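Hi,

Here is the structure I promised to send over. Have a look at it first, and my notes follow below.

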Amino acid sequence: MNLIELQRSLRQLRLGGMANVLETRLRQAQAEPMAPIDLLSILIADELTRRSDRLLE
């Protein structure tokens, strides 16, 4: 699965926050040593932040 397909799948799962930052977070994970669980944690935190922000709007 390539990046575009992964972003599309995340949006289908209603994880648009993750989809929006996925490319940036993947570059970050390549630039600095990051365990896979840390990458997932950051992506989940991004999604939760997005949802929280939308609720406040």
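**How the helices pack**

H2 passes H3 in a right-handed crossing. Keep in mind that this is a predicted model. The two helices, H2 and H3 (residues 36-56), pack at an angle of about 145°, and their axes are 9 Å apart. On the H2 side, the residues that meet H3 are Gly-16, Gly-17, Met-18, Asn-20, Val-21, Leu-22, Arg-25, Leu-26 and Ala-29. Their partners in H3 are Leu-39, Ile-42, Leu-43, Ile-44, Asp-46, Glu-47 and Arg-50. Sorted by class, the contact of H2 with H3 has nine nonpolar, three polar and four charged residues.

Now for the other pair. Helix H1 (residues 3-12) and helix H2 (residues 16-31) have axes that come within 7 Å and cross at roughly 155°. Angles over 145 degrees count as roughly antiparallel, so H1 is roughly antiparallel to H2. This crossing of H1 and H2 is right-handed. H1 brings Leu-3, Leu-6, Gln-7, Leu-10 and Arg-11 to the contact, while H2 brings Gly-16, Met-18, Ala-19, Asn-20, Leu-22, Glu-23 and Leu-26. That contact of H1 with H2 has seven nonpolar, three polar and two charged residues.

Is Met-18 buried or exposed? Its relative accessibility is 12%, and buried means under 20%, so Met-18 counts as buried. Leaving out residues up to four places away in sequence, Met-18 touches Leu-10, Leu-43, Ile-44 and Glu-47. The C-alpha atoms of Met-18 and Gln-7 are 8.0 Å apart, with the two residues eleven apart along the chain.

Cheers

Conventions: Residues numbered from 1 in each chain as written. Predicted model: local features only at pLDDT ≥ 70, side-chain atom pairs only at ≥ 80, totals over all residues. Heavy atoms only, no water. Axes fitted to C-alpha atoms, helices over the stretch in contact; angles between N-to-C directions. Helix = DSSP H or I, 4+ residues; strand = E, 2+ residues; numbered from the N terminus. Parallel < 35°, antiparallel > 145°, perpendicular 65-115°, else oblique. Left-handed = near helix turned anticlockwise from the far one by under 90°. Contact = heavy atoms within 4.5 Å. Nonpolar A, V, L, I, M, F, W, Y, C, P; charged D, E, K, R; others polar. Buried < 20%, exposed > 50% of the residue type's maximum accessible area, 1.4 Å probe, protein only.
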